[in-house]
Each structure stands twice: as C-alpha cells, then as structure tokens.
Amino acid sequence: MASDEVPLNFLNPRPGTPFADQPLLEGTEALKTIATFRLALPRTILRYAGGRELTLGDLGMRDGMLGGINAIIVGNYLTTLGRTPEEDLSLLVDLKMPIKALSDTL
C-alpha cells in the first residue's frame, strides 16, 4: 500500500549527534532528490520538513515548491527551530499556492 504523504527532511547537523560533522547536501542535489521522489510517487503528498531552510535557502525552497513539493510543515520542528510561520505563509502566497487550514476540531 502506498503512503499518502512523505515528509522530506534534510540533514541539519546537530552537535553531539553521529551526523554532527556531516556536510549539508548541496541545494541542487536536494532539488534532484525532490524531483526523483515526485517521479517515483506521483500521487503522494510530498511535504517539506526539517532542514529545508539550511539546505535550500529561500530560492531553493521556491524551486522545490514549483518542482514537486505540495505541502509544508509551517513553523518549528520537533527539536530545531524552523522558519517563522509568516515566512512560510508568505512563500505560499507569493507562489499563489492554496493554503489549507487545519480543522478546528483537531
């Protein structure tokens, strides 16, 4: 059974972890990864998650949204700070992408 949604996390090397000394993925490689996931999973929601702001920066995040990402975790992550919700929402507005609010019952 295929997944309905796949979060795409990019390495954010944290001091004291096994990957602390690993380099960040190049932005172009991250975009190729997004494109590969989109081709392999055409009906799956691909969600930007942690590390995207470090690996891709603002321009790369835009390219990823236009090249296959169709959802985004807004705000902070489990263990690290993300971009502000206002920055993420502004990106979606600039790209004219619809914003789906969470249900009030959640």
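Leaving aside neighbours within four places in sequence, Leu91 is in contact (heavy atoms within 4.5 Å) with Met61, Arg62, Met65 and Arg83. The model is a predicted one, in which local features need pLDDT of at least 70, side-chain atom pairs count only at pLDDT 80 or more, and totals for chains, interfaces and linings use all residues. Residues are numbered from 1 along each chain as its sequence is written, and side-chain values use heavy atoms, with hydrogens and water left out.

- Leu91 belongs to helix α4; helices (H or I, at least four residues) and strands (E, at least two) are DSSP runs, numbered from the N terminus.
- Leu91 has a relative accessible area of 4% and is therefore buried, where buried means under 20% relative accessible area, exposed over 50%, and partly exposed in between (1.4 Å probe, protein chains only).
- Between Leu91 and Met61 there are 8.8 Å in space, C-alpha to C-alpha, and the two are 30 residues apart in sequence.
- Arg83 is found in the loop between β3 and α4, and with a relative accessible area of 10% it is buried.
- The side chains of Arg83 and Asp58 are joined by a polar contact of 2.4 Å. A polar contact is a pair of N or O atoms within 3.5 Å; within protein, one must be able to donate a hydrogen and the other to accept it, and residues adjacent in sequence count only if both atoms are side-chain atoms.
- At 3.0 Å, the side chain of Arg83 also reaches the backbone oxygen of Glu87.
- Beyond its neighbours within four places in sequence, Arg83 is in contact with Arg52, Glu53, Asp58, Met61, Gly75, Asp88 and Leu91.

**Lys96**

- Lys96 sits in the segment after α4 and is exposed, with a relative accessible area of 74%.
- The phi angle of Lys96 is near 60°, a positive value in a residue other than glycine.

- The largest pocket has a volume of about 500 Å³. Of the 14 residues that line this pocket, Arg47, Ala71, Ile72, Pro98 and Lys100 are the closest to its centre.
- On a 1 Å grid over the protein atoms alone, a pocket is an open set of points where a 1.4 Å probe fits, with protein on both sides within 12 Å along at least five of seven lines; lining residues have an atom within 4 Å of a point. Grid points are joined across faces, edges and corners, and a volume is the space filled by probe spheres set on the points.
- At least two lining residues of the largest pocket come from each of β2 (45–48), β3 (71–72) and α4 (85–94).
- The lining of the largest pocket comprises eleven nonpolar, one polar and two charged residues. Ala, Val, Leu, Ile, Met, Phe, Trp, Tyr, Cys and Pro count as nonpolar, Asp, Glu, Lys and Arg as charged, and the others, Gly among them, as polar.
- The second largest pocket has a volume of about 230 Å³, and its lining includes Asn9, Phe10, Arg14, Tyr77 and Thr80.
- Four nonpolar, six polar and one charged residues make up the lining of the second largest pocket.

**Overall chain**

- The protein chain has four helices and three strands, which follow the pattern β-α-β-α-α-β-α along the sequence.
- Of its 106 residues, 31% count as buried.
- Among contacts between residues at least 6 apart in sequence, 66% join residues at least 24 apart.
- The C-alpha trace spans about 40 × 30 × 30 Å along its principal axes.
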